[in-house]
Structures are given as structure tokens and as C-alpha cells.
Amino acid sequence: MNLSKSKIAFFFIFVLLLIWFLYPREMFLAFIYEGQEELARSEQYYLSHLEEKPYSRFAVTRLADLYQRKGEPEKAIPLLQRLYQYRNGDWDIAQILLSHIEEMQDEEVLYQNRLEIAEKFENHPHVAKHQIIFLLEDALQYVLWQQRLDEAFSILKKLVVLAKNKQPYLEEIAHLNRSLKRTDEVVAFIKNELQRDPVNQDLRQELASVYVANQEWQKAEDILKEHIDLNKAEVSYIEFVARVQEAKGDIDKAMITIDQSLLRDDLRHFERRWLRATQARLLAQAGKIHLAISIYKDLAHKTPAIKEYWQDAISLLLESKNSAAAIELMKEYLEHFPNDLEFEQLLAQTYLYDQQDINQLKRYREYWKTSANLDFALDVLYLLEAKNHPAFESWLVELYNTAPHDARIAERYGYYLVDQKKWKEAAPIFARLQKQNPSNRAYLDQLLSLYVALEQKEKAIALLEFWEQRHEQNEQELLFVGRELFFLGQQQAALQPLQKSLALNPNLLEAWFWTGEVYHSQENHKEAERAYKQNIRLSKKKKILSANEKRFALKSAGRLKLGKSQRKAYQNHINSHPLEYDVALDYIDLLLEARDTEDARDQIAKLEKRTENNKDVDLLPYNARLAYLERRFKTAVKLYDKLVSAHPDIYYYQQERAFAYLYAGYWKNARQELERIFPDSPHQTYLAEIIQQLSIEHDHTIEVNHRYLDIGDSRQFESELHYHQYISQKVRVDIRSKQGIHHSPNGADDFSSKQEIALTHNPSTNLSVKAGALIGNSDQTSRFGALAQVKHQPSERFRWELTGHWQELRTDFPQAVNAGTKQDQVEFVSEWQPQERLALRLPYRFTYSKLPSGNSAKTHQTDPHLTYLVFKNPQFYLGYLFSFQDTEADAAFLTAVPLIQRINAHKLTASLYKRLNPKWQANASAFIGEDFARDLHFYNLGLFGSEAGLTWETNSWLRVRANYSYGRESSSGLSGQSHEIILNLSGHWR
């Protein structure tokens, strides 16, 4: 049949018109857009249609299908539920609803809807029973998984009613009864089954098992013996009867049952083995282990292919502590079953734990590698360590490389590295452990020690700051942080956690003590005294003191004043508690601080005697301090060398060694040590000054000095070049060259120069001897001279020096002031420091001058000066100076220049010194006085003076100094005003 194109077009137009009129516009457009995959617009039109016809089956099912395509099945649920409620007899709608709920994966909602729909359609004539059963079975699986057994019983009852094959559901009900120990239901069920099948032996055993579980032994035996003749019974029944008797606690009766059965001659081989194995088990339970082992071994050798006999024998041997026999039997067993890894491991464990056999390392390693059992590998490690075996290190390293992130292994490896003093390798391990376990105090303590040993003070401080932040409300941990910061030399930083701990607990005795120690180290004596007194006050209020609290109370009192009562308290405590060595060490510490070297030496000797066998008490630091205070500096150096080697983390020992080097005369070692510890020192300014002085005195040095002096009409310009070099640590050569221009009152100018060469020898740390030659030149003449000097410091607070020189004087005017052809001069200076802040200087100078005419003059001069240190930072001194000078001269001696025959002056002095920073220093001084011999008084500006200066350490080898001084000593006939400017430039190198 041929159709024209017009007919085909007419047909499609007719169909579209039919759809247009039969279907609402929204429904039609939704259907069209759905076909074009414009799902969002299709959804919009479907929803619009449902607003008018909410129960449209077609629209709801199409929209539900659309939601499923969009992956949004949850949106379809309320629509389908509303439709299902309206059409509650529509099985297809119910199935669609369940399908969408499954997509949502909400098992509980799905379960409830399945039950509801199954109940609804249970008796529906158009729904097949198997479909309802499928719904109920799915619901049953869900509640069984959820252990909602009561609901499961309810569903099973429905299934028993609906299903043709009811047996699986009945068995499930019986199983649930057993699980819930519903004994009556179980027994009733089995008895009911036995009525149907009275010869079913499995049912009888099951019923007997129920009776055994309820300890109804007699009923269990009765049900087994009912209709059973033991002489003809199967072996399994006989064995079960024995088990029932065993469960009843009648082991002997059970053994008789088995023994009687073994007498039967109709037993098959496997049945006899079975009964003998049961016999061995009963013998073991009866305590007859050796007989049981014998039976198991016999069974194993006769039937080596059965693992259980071997294994039972081995288990009993291990249980009876006969590990050696167990090992031999395991070896034999493994010959038959070489791939049994479990028993390979058991053999290794037996060797390790029972035999502690150190020679099985190969077996241990194989077990460790195959089982990956780190606990076992660690136990091997502990055994190697206990036996001091040479393989310990290699095993530990291999174990760590295998499992570096296991905290137990990393910890053990870290401690091993610490013992080997491999601190650099140990530090990152403990850092990782501490990060993984931030509350572990042991890791923190160890890591802190490592940072200190590695001189990584910044990391140690950061670690303590971290610990402080974690324990803001724990006074004991804050106390710990403060104490450790103090030990690290961070006195100021230590105060904050200590003060926080006291804020939390103002009665914390130890916190008050360490606060006092911090202030004491800072020489803040007022605050230190307050803290020590608070510690003592709280100690007296507390009824019971711990050993530490008693110790700190004693030391607080000793810090305040180490008088007779405090010494007696220490002696009494030491005599009463001779094993409290820390208290004895505190007492020695206080004695050394008080510089009571005699008593300190006595206490050290006594403690050494008490602790001669105790290596934990280290008296080396105290002996080193004692040697230092007694000025036995070479001995102190040796002792501090040992201390620094043993405790490289303790800064104090390094500092004391540096000063011991210095005073022992080892200035090179001293400076190297001081420069090394300088960056970490809390006293950088003080050390910079000492390093600078060492550089000036002991380096190769060239110094340029310019001086301008104005005394009324007389002026002098001088330049000096000074070079010195140490030939050795004890011998130094000095060369000086001075040039000057002198402008005299009569207008004459003269150029002169002076050269000096000298050798200085230091035969010991407290003795110095110097000798040299002098040459003076001018445009008029040349003169020669010699000098000698001795310096001695017999104690730390007393020193003296004696200097003498012989020199030919200039006779050409005007240089011949105090004119003469010869001048001999002897000068003696002594300095004594009776107290820390008080110092006395006693100089005396005798000069003998002689003119060509034979006339001579003798001058005696002394200037005793007493000073007191008022402040330490900046250093501020006040003092009293008495100047006395007396000249005995021939009359003719005064022809050239009028001389002052007598000076008798009293002066009050003040001086100020401040090191602004390691590079800059400033100094200033002034005096006022009276001289009745010359009629000079300060109130009429007759006698006063002042001075100011700056020093700049430009870099490590160059130093610049500028100084200006002004003085006034006006008297008739002699200008008394002077201005002096000094510019100094010095360079030094090693």
C-alpha cells in the first residue's frame, strides 16, 4: 500500500491534536520536555499539573521516575506516600514506593513500610503469597541484624502461617529460643521433634546438651541412655556420655566409661584413637599430666599425620613447664608439618620466654619477619640487653629501621643513643616522641637535656615555653619550668613561671625559694631577701615539712645570713641525717660563697669520707671552686676541665674555667673560652670588658696616642706610638716611642722624643717582673736611663707593686724643670679591698734629683685614696683622697723654677663608669678639695677638677678613646688651670 506524504502528515497532525485535547496542557508539555531531556522544565510542568490533580497516577509515577533519573529519589517519597494513601489497594504503587525508599538507603523506613505493606496486602486476592513472604523475609533479615529478636519472633510467626514449607522458619524459631536461653521452648520443640522421629540420635544429643547447660545432669544421662544399650552404642555416644559425666564433675566416672569402652573388641582403629584421646584429656583434667602426655605422644607417633595429637602433647608439656621436652617434640612435629607457621612461632616463643636461649637469634629473626610481631622482637631485644650480648646494637638498629614510628622502639633507640652520647642523633627522635605524646614528662626531660648538651639553648627555652603554655594552671609544672629556665641561665625569664605558680598557690615553699635564688643571682638582694623570708615564714607555719622543704628553709636562712645559728642548724641536720647529701652540699655552697675556705675544705673532706662508695655525689664542682678561691688556679683549671668534659651543658663550669685560665696565666685559653661562651652569656657586657682587656694586654698591639696639655701659658703636644707583643705566654716585649713639642712661657718651642724598650716576665700567676732601657732625645742633647718593676698579688683582695728607674735629666732650659743631671725614683703602690665595695689605695713615691752643681732635692709623695662602690650598674664610686708632698732642696736648687715645697690637700672624689653596650663605654669623674699649706679652698674655686671620656670598640681589632680633663689649683706665682685632651687609637691582632 502506498501512502502519500500528505496523508502521513495529516495522520501525525491528527495524533497531536488528539493528545492536545485528551491531555491537559501542562501534562503534555511535561511529557514533551521529558523526552527532550529538559528535566528541570519537565519537573516544573508536572508539579503544576499536580496542583490541580494531586492524585494523578500517571503524573506522580512519571514525576517519580524523573526524580530517580535526576538522582533525587527522596523528592518522590511524599508524592508516592500521598498517592498510596489515596490508592491503598494499588500493589504497583506500593512497589514503586518501596523501590524509591530503597534508593534512599534508609533501612529503618524501608523496614517499617515493608511491614505495613505486607500486612495490608497479606489477604489481598490479587497479590501472590510469595510476594508477601519476600517482603517479610527482607524485614526479618533487617531485625535479626539489629538484634531486635522480639520483632523477629513476630515476623517468623507470620511466615509460619503464610509459607507452605514451614520447617526453616520453625528451626529459626528454635535457634532463637536457644540463643535467648528460652529453655522450656527449646526442650518442648526438641521433644516434639522426637515424637515425630524417636530414633533421631542428634536430637537426643541436642536435648542432653540443653540439660547439661542447665546443669540437669541426671536428665542428660537419662535421655542418652534411653533406648541405648552401651555395649552396642556408637563410639560418639559413649564419648558424649563421658562428656556429660565430665561436665557433671565426675571425672572418675567419665574415665571408667572410657576405659570400659576401650575393652571392646569391636572398635575400629579411628574409634579406638578417638577414645584414647578422650582418655588422655580426662587424665590431664584429673591432674595425671604425665600419663596424658604419654598417650598423646603414642597416638602422635602411631598416626603422625594427625596434628591434634602432637599439639595436645606439646600443650601439656608447656603447661607442665617442661619446655625442653616441648621443644624437642615441636622440632619432631615440624619435620612432619614444615609449613606450620603457628608452631614455628610457638617454638621461637618457647626458646625465648621459657629457655631464654640467646643462641636462637636466627630463628627469632625469622619468626619476627614472618609474623611482623614487634612485641616479640622487643622481648628479644630486652633479652640481648640483659645478657649484654654483642648483637644488641645491631638488633636495635634493625628494629628501629623496621618500625621507626613505634613509640616503644623509638624510645629505646633514643635512650641507647643518649647512653652512647650520640646526642645529635637522639634529639630528633625524642622531639618526635614528645610531639606525639606532648604530655609525657619523661620525653620532655630527656629532650631538654639533649638540647642543653648540644648547646641548643634556644630550642630548650622554646620547649619550656611550650610546656608552660600547656600547664598554665598547674603550679608544680610552672615551678619546674621556672627552675629549669634558671638552670639555663635565663634568670629574668624564670621569674614569670615562678610568679605564676605563686599566684596559683601562694604557699608553695619551693617556688619562693627558687624565686629567691633567681633574685640572688641577679644581685637583687632586696627581692631575694623578701623571697627567702617568705619561704622561712611559711616553713615555720607548716606542721610537717618534706625533706626538700626542710632543705630549702635551711638554705634560705643561710642565704640571709650564715652566722653561728645557721651553721649550727646545718651541723645538727647533717649529723641527724648523714645520708641527706644535698643538704651537706648546700652548706658547702654557702661556705664557699662566704669565702670561708677553711670550713668549706673541712666539710668537703667529711662528705668525701661519707660518700667514698657513692658515685652519685659529685664533689668535683666544690673542689674546683675551693681551689679557685684559694688561688690555686692551675689546680682549678684541671678540675674545671673535668667538669666541662663531663657536663658540657652547664654554662657556669665553662665560665669558671675561663677565669681560672685567666688567673693561672693561660690568657690565650682564657680568651678563647670567653669568646666561645660570650654569645650565650647572661653577662655579656662584663665579659666584653674582660675580653677587651685581654686583647689590649695580650694581643700584638699597636697604639697611637695624642695628648694636648694646656697649663696657663705653657702648652705641650705629644704623640706616642706603643707596640707590644707576647713572645710566649709569660714573656712580653714592649716598645714605646714618644714625640712632643713643648711651648714654654718665654715663647721658646722645643721638640723632644723618648724611646723605651722593656721585657716583662710573669713567672707565676701572681708575680710580674719588668726591666728595660730608656733613651731621650731632643734638638739639644740625648740622655739614657733604665727601669725595673715588680708586681705581686698575694691574695685576691691585696696587691702591691714596686717601680724604680734611673734617668739622666735634661739640663737645657726650659726642659730642665725640676732641673738636674740625674734623677732616681722609687715608687711603691699597694691596693687592699677589705670588703667587696670598699677599696684602699696606698701609693708612695720617693724621688732624688741632683744638679750638675751638686745641689740635690728629695721628694716624698703619698696619695692614699679610700673609695666606696655605691652602685654597681652603673659603677658609681665616692672617695676620699689625701695628697701629701714634701720637697727638701738646697737653696740654689730653686734658681731655675720656683718649686712648691709642701702640698697637704684633702679631696672628695666621685667617679662614674658605665659600659653602655659591648661596644661603647663612658666614664666621668670629679673632685673638690682644700690645701691649707697653699691656701687653696674649693669654696673659692681654688681646688677642683673634672674629667669625662668615651671609648668605642669599633670592631674586633680597633679601639678609639677620647678623654678631656680640667683641673684648677690656683696659687700665687703659678698658673693653676689645666686643660688636657687625649685621643687614643689602638689596633690589636693575634
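**Close-ups of a predicted model**

**View 1. Strands E1, E2 and E3 pair up in turn.** Strand E1 (residues 700-711) runs antiparallel to strand E2 (residues 714-726), and eleven bridges join them; strands here are DSSP runs of at least two residues, helices are H or I runs of at least four, and both are numbered from the N terminus. Two strands count as paired if DSSP finds at least two bridges between them. Across from Asn705 sits Glu720 in E2. E2 also pairs with strand E3 (residues 731-743), again antiparallel, over twelve bridges. Tyr726 faces Arg732 in E3, and a four-residue hairpin links E2 to E3.

Because this is a predicted model, local features need pLDDT of at least 70 and side-chain atom pairs pLDDT 80 or more, while totals for chains, interfaces and linings use all residues. Numbering starts from 1 along each chain as its sequence is written, and side-chain values use heavy atoms, with hydrogens and water left out.

**View 2. The largest nonpolar core has 105 residues.** Such a core is a set of buried Ala, Val, Leu, Ile, Met, Phe, Trp, Tyr and Cys residues joined through side-chain atoms within 4.5 Å, where buried means under 20% relative accessible area (1.4 Å probe, protein chains only). Tyr364, Val380, Leu384, Trp395, Leu399 and Phe430 touch the most other members. A separate core of 26 residues includes Ala636 and Tyr653.

Technical notes: Buried means under 20% relative accessible area, exposed over 50%, partly exposed in between (1.4 Å probe, protein chains only).
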